[in-house]
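I opened the model today to look up its packing and its strands. My notes follow.

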Amino acid sequence: QRWRRSILPYIGNDVVDWKLPANAGKSWDSRYLRKILTNAEIEIVQEAENQDRALWSLWACKETAYKVVRKTSVGAPFLPRLWSVQLKQSGHTVMEGEVVLPGGSTVFVQLSAENYVHCIGADRLRDLEQIIWGVEPVPETGSCVNIDPSLHGRKCLLRKLSDVHQLDFREMEIRRAKKGLEFQPPYLYYKNEKAPFDISLSHDGKFVAYAFIKQLSCTHAILN
């Protein structure tokens, strides 16, 4: 089934702390690999110099693609075993490519892999270059009080949006509706109205990540 391609840009992003104890060594779990990767992707992981980083790079691409798809096709299933990641090197630590879904639909992705892996994605190739994104470490407090990574990620996104588009930080809010037991994608509100941006948030281990893009066809009235 082909998912609907919108005239508006929709994006996703995902970060994985591949050195996190819960993630490290997962590349050796053959049962897990068969659950989320294609046969070709399993070979890529097994032949990689750093198998954990290879595994979570592929996973980040699929998770990013799903975040895009669920915005354009509500209720679309996430079937990672059937989604094929095709990447090529475009820099020392950057790869670009696409995630191909059953039926031939694609999500275009850009992956960076260092001490973490981070992926951004869009349903149109030309939108990929317009995405503004960032990866930030979760602050260490040095006390028994833990920083909420979800809240920290939201603050990082709002600060960056405020800087880039000269918006009043105090008038910005991120909202997520809940449908049944599942949270829906986040949306940005400015002065209590839905703002013309698509946003994406992610966190894992020591890192938070955000991405946003201006939906140019939307009205600019609320930003004035």
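I started at Leu-55 and listed what it touches, leaving out residues up to four places away in sequence. The model is predicted. The list for Leu-55 reads Lys-26, Ser-27, Tyr-32, Leu-33, Ile-36, Leu-37 and Val-45.

Next I looked up the largest nonpolar core. It has 29 residues. Leu-55 is among those with the most contacts inside it, along with Leu-37, Trp-56, Cys-61, Trp-83, Val-99 and Val-117. α3 gives the most, with eleven residues.

I also found a second, separate core. It holds 16 residues, including Val-138, Leu-161, Leu-167 and Ala-195.

Then I turned to a sheet. Three strands form it, in the order β6-β13-β12. The sheet is open, and the pairing is antiparallel. I noted an average twist of 10° from one strand to the next.

I checked the β12 pairing in detail. Eight bridges join β12 to β13 (residues 207–214). I looked up His-203 and found that its bridge partner in β13 is Val-208.

My last entry is helix α5 (residues 149–165), which packs on the sheet. α5 touches β6, β12 and β13. The direction of α5 makes about 35° with that of β13.

How values were computed:
Residues numbered from 1 in each chain as written. Predicted model: local features only at pLDDT ≥ 70, side-chain atom pairs only at ≥ 80, totals over all residues. Heavy atoms only, no water. Core = buried A, V, L, I, M, F, W, Y, C linked by side-chain atoms within 4.5 Å. Buried < 20%, exposed > 50% of the residue type's maximum accessible area, 1.4 Å probe, protein only. Helix = DSSP H or I, 4+ residues; strand = E, 2+ residues; numbered from the N terminus. Contact = heavy atoms within 4.5 Å. Pairing = 2+ DSSP bridges. Axes fitted to C-alpha atoms, helices over the stretch in contact; angles between N-to-C directions.
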